[in-house]
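Biologist: I would like to go through this structure with you, one contact at a time. Please show it first.

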Amino acid sequence: MSKPVLEINDLNKTYDTSGAKALDGVTLDLFSGEITTLLGENAAGKTTLMKVIMGIEKPDSGSMVFKGKKYLPSGPHFANEKGLGMVPQSIKVVDRLTVIENLVLGLRSNGKNIRMKHYRECVRELMKKYFLQLPLDNEVASLSTGQRQKLEILRVLQNSPDVIIFDEPTTLISDREKEELFEIIAKLRSQGKAVVFITHKLREAFSISDKIVVLRLGKVVFSNSRYKTSIEELHELLYGGESCTLSVQLPTSDESLLRVHEVSVEGSSNTEAVKGVSLEVRRGEILFVSGVAGNGQEELLDGIFGMRRILSGRVIFEGKDVTGLRPFELRKLGLAALHYDRDNIASCRDSSIRDNLLVYSLSNGKWVIEEKKHVLSARRLLCDYGVTFGEIEDPVSSLSGGNLQKLLLAREISCEPKVLLLGEPFRGLDVKSLESVKLLLTEAKKRMAIVAFSADVDEALTIADRILIISEGRVVYSSDVRPGLSAPDLRKYFFGATEGLE
Amino acid sequence: MISKLHNLGRSLMVVGISLIVGLLLVILMSDDPGDAAKAFFLSVFSNRFYFGNLLAHSIPLMLTGLAASVAFAASCFNLGMEGQVYLGALAGTSAGIFLSDLVPGAIGIALMFTVSFFFGASLASISAILKIRTGVSELISSLLLSNGIVLAVDYFVEGPLNDKASGLAASISLPAEFRFSGLMMPSSLHTGIFFSLFTAFLLWFFLFKTREGFKIRIVGKSRTFAFYTGLNTDKLLFWAMFLSGGLASTAGMIDVVGIHGRVMRGFSSGYGWNGIAIALIARNHPLLIIPAAIFFAYLESGAQIASLEANITPEFARIVQAVIFFLVTAEALVPKHLGRKRYA
Amino acid sequence: MLEAIIRDTIKNSTPIVLAASGGLLTEVSGWLNIGLEGAILSAAFFAVVVSSSTGSVFFGTLAAITVAMTLSSMIFFAVRYLKANLFVVGIAVNLLSVGVTVTLTYNWFLSKGTVVFSGSPRPVVLSLDFLTGSGFGWLNGLSLFDLSAFVAPLFLLLFFKKTFTGVKLRSCGFDEESAFYSGVQVNDLRFLAYIGSGIFSGLAGAALSIPMGAFVSNMSGGRGWLALVAVIMGRKNPLIVLLSALMLGFVTELSVFLQVATEISPKLLLSLPYFASFIILAISCGENKDKRFKDW
């Protein structure tokens, strides 16, 4: 076998803030003309590994060799120059620039010295070569998610790099776009590039790769040619013997607490992210709003909770029109929300655990703060919800993701709202925390109505009473959860709207 | 806890560096460095007069420092304090002139402070409202207003309110019963220092022990979090700026009531800017404002004395202050993780 | 008469336009330079001192640019490497300039107010006979500084739209993270912007003091802040920045004109530009009312 293009030797990385070990002695070789798939669950270290390769994160120890030379990347710019490119997981394009200007951003400088006019020709050729057509002079804000991803791919391909990384490229796009993407990847292989494809979907991994690598908790637990393994073996490796338990409870029918009627919500830079969505939720039920992330779920939550402008439609809470009210007014009425962005919005990193937990009781309590009482109630809450922490005055950033999530849930549930909106309640939780959070929610729903926004249909099925799927800002599916409803069935609807239109 | 110590250490280090810079400047500029350095660093402690003046100088600085720290606590930049100082002094003094012979001294002083507080507070509120309504940075809007106001106050002091008989660029004097009594004669120290100290304590209690203070601090730490969590961020920003403007203007008033007895052109030698530096050094802690203000008063008095005794222009203190501004927010000045692992 | 007003307006706007161009560069890079005022002041001082001692306008300008560049790089380095607060460090530069210029005028010229350099060279001014009476007569009497002030925003317009570096620079201000992921060296470009800002504010300072042949303490007189107002009003568009700066220059000129022409107290008139620019700022930004959350 030939020499590998990129050799990765014994990389280790521990994050300061959470203390979690993201990479644990990872060793990996990438070869030209080969597609390597990295498989693994969330938080298995896939993305961290790629960030280290691109120089976005620095490893604690370990080394890399690229084309026979020691490789110490200082950032994406450096990697670009050397001949490595990445299509990141969450789309990273500059909305306010045009397509061609965005392409300029990724152009490596040690190529030929080309001028803007000449450059346009180059880009046209490139688009023809890979069958990727984009409107070059449109502002990126007007592009669809699929088009944005194409833009990112072009941005990488224009430098004709030797190693190309696709970080979970299939989560945001439709089936048809997926086919196109796979064609491009196959083409890159035939050109002799080393392609890294990151996913957590087994079938995809199997259908296109030459080599499959499985990561778990920062360790490489499997690495072999695709032809020497089977889907069953990989499934076993990834998920163990875990099976899906369905516990369906019939919703207690009660008066409707929150009604969202034909609501449209503003997205970034004057676009419409949510287009006429209606939903209704009663006391004692959990409604899941699902679908592929980035299709308007976050904006819908923000819109209902008054953090984003509602363009049309109405939000009715207990028969009262609350459209466009701000969070402090809504919270007084009894509507609470746990925001998606746990680190920047739902919590205050610089504040202590106590302040984050008791922000409501402190800001609605007596004029002079009653320290002792608050410390006591904080300790009790943290204990009740099983949050592990050091000192109550420690900054909240010292908590791990799962503990932070539990703390935030404790805060939201303990103020006894009538309706609770939850953004991605399960994101980043380990199995143990997941179970306890689910338990908390099923307990809490007896007293309130819960609307959870989550892309995770599998988990949604285990505790939801009803499921709503949003695609491209519209409701494409809505149903009660009943036995026999399976996650793969639901996923079919994920790209429903786009398929229907084309 | 570690981060608090870390911050304090950084402040002390900045103070140290600034003193070294001051010493270097004195040595560079003076013909007789030894004498000049002595004048700058030590003369302040040589007699009651100098020392009393130092403390007198710290009185308004504490107030502007507190004013800046309230705004900072809510993550606002009140750069208009200089204007608020002058407007507060002018408005309060005008009220005092109007009230003379009408009310007894104590009530008169209280009324003057109240009027002055509300004028300065309103001035700062304009910037706050503009920020809330239109998103214009309060930093620049407060500064523009302040620069304009300082000139307008000059106009009143030289024009309609001028004390023609004195031949000074100063307003008519307040009656004697509307003045604070002096301490440590013959220096200009006055009983107003208790007012400043008490205000510092009051503000500390407000920010750290009360509900509204807590809210303001949360807004300052993360505005998105505060908004999401159900605080009325607009209102809180407004009140923080209001309070900041009010406190800044009492700094002007206290100098009038305590020292000059009238508004004079240019009486505030940069109280506003110094207030910002003081708040930064004290890391926004109202009680730490007290030593920080005294330190700044020490710098300024030292520079004044050096200029009298050693022929150095007192403006060199500005350079020392600039050094403080450069370094005071520098997080990397004291590395948090010494000996962090390097990339192998 | 009209010609004189136009000419004086332009002459008054020159430092503002130049400084605003510098400010615009930094605004576009995402880190607005608050230290313009100080950079102008220091540059003005060194411009006139060096030009009078060397007898060359060119060397004076060069000195001004060097000083302003040093000051703005100091801001950049303090923020980049010492992780200091951008605004506080900007204020530091303003204070430093006041301190340094006053201290040096006192030490070198034993004066604290105005220092006149009687023998200092003046910049060449445009003087073409055929322009007189053609409607462009106001062009006569403009110096190279004034002309460069007009070229600067146009240059920036081309730079932002037509060069790769310009596009990359703009991306830093719009979306730092995406730019970084795309492969833009965000901080290197910002350094470039700060160097540029130094060049422009250096020119602004030179344009202030060299034609006058004198240094007056605090002679920048808030022009750096007015330039920042122009930058904020311009919303990253060089042409609107130019227009805003011209408008502010006109207001300044108006206050000077009224001081000569009317009985109104000069102090009140001096405060006019500040109040006027405050009102203009409030009105021009009045439209983005219902911004909630998005921009925070």
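Modeller: This is a predicted model. One residue to start with is Lys219(A), which counts as partly exposed because its relative accessibility is 42%.

Biologist: Is Asp24(A) buried, partly exposed or exposed?

Modeller: Buried means under 20% relative accessible area and exposed means over 50%. Asp24(A) has a relative accessible area of 23%, so Asp24(A) is partly exposed.

Biologist: How many salt bridges does a search of the whole structure find?

Modeller: Another example is Glu443(A) with Lys446(A), at 3.3 Å, N to O. Some are linked in a network, which contains Arg354(A), Asp355(A), Glu371(A), Glu393(A) and Lys209(B). Over all chains, the number of salt bridges found is 42.

Biologist: How far apart in helix α15 are Glu435(A) and Lys438(A)?

Modeller: These two form a salt bridge, with the closest N and O atoms 3.9 Å apart. Glu435(A) is partly exposed at 44% relative accessibility, whereas Lys438(A) is buried at 9%. Because Glu435(A) and Lys438(A) are three residues apart in helix α15 (residues 431-444) of chain A, their separation is about one helical turn.

Biologist: What span should helix α6 of chain A have?

Modeller: The helix covers residues 175-190, which is 16 residues. The expected span is 1.5 Å times one less than the number of residues.

Biologist: Do the buried residues of α6(A) line one face of the helix, or where do they fall?

Modeller: The buried residues are Lys178(A), Leu181(A), Phe182(A), Ile184(A), Ile185(A) and Leu188(A). What covers them includes β3 (34-39), α4 (116-130) and α5 (145-157) of chain A. The face turned away from the buried side carries the exposed residues Glu183(A) and Ser190(A). Seen down the axis, the buried residues of α6(A) fall within an arc of 160°, so they line one face of the helix.

Biologist: Which residue just after α6(A) takes a positive phi?

Modeller: The phi in question is about 85°. The residue that takes it is Gly192(A).

Biologist: Which residue forms an aromatic pair with Tyr86(B)?

Modeller: The planes of the two rings are at 65° and their centres are 5.1 Å apart, and the pair is edge-to-face. Tyr86(B) lies in helix α4 (residues 81-99) of chain B and its partner in the loop between α10 (233-260) and α11 (271-281), so the pair ties together parts that are 181 residues apart in sequence. Both residues are buried. The partner of Tyr86(B) is Phe267(B).

Biologist: Is the pair of Phe77(C) and Tyr81(C) stacked or edge-to-face?

Modeller: Planes under 30 degrees apart count as stacked. The ring centres of Phe77(C) and Tyr81(C) are 5.9 Å apart and their planes are at 25°, so the pair is stacked.

Biologist: Over the ring of which residue does the charged end of Arg331(A) sit?

Modeller: The charged end of Arg331(A) is 5.0 Å from the ring centre. The ring belongs to Tyr228(B).

Definitions and conventions: Residues are numbered from 1 along each chain as its sequence is written. Chains are lettered from A and ligands numbered from 1 in the order in which they are written. This is a predicted model: local features need pLDDT of at least 70, side-chain atom pairs count only at pLDDT 80 or more; totals for chains, interfaces and linings use all residues. Side-chain values use heavy atoms; hydrogens and water are left out. Rings of Phe, Tyr and Trp (its six-membered ring) pair if their centres lie within 6.5 Å; planes under 30 degrees apart count as stacked, over 60 as edge-to-face and the rest as tilted. Helices (H or I, at least four residues) and strands (E, at least two) are DSSP runs, numbered from the N terminus. Buried means under 20% relative accessible area, exposed over 50%, partly exposed in between (1.4 Å probe, protein chains only). A charge sits over a ring if NZ of Lys or CZ of Arg is within 6 Å of the ring centre and within 35 degrees of the ring normal. The arc is that of the directions from the helix axis to the C-beta atoms. Contact means heavy atoms within 4.5 Å. A salt bridge is a side-chain nitrogen of Lys or Arg within 4 Å of a carboxyl oxygen of Asp or Glu.
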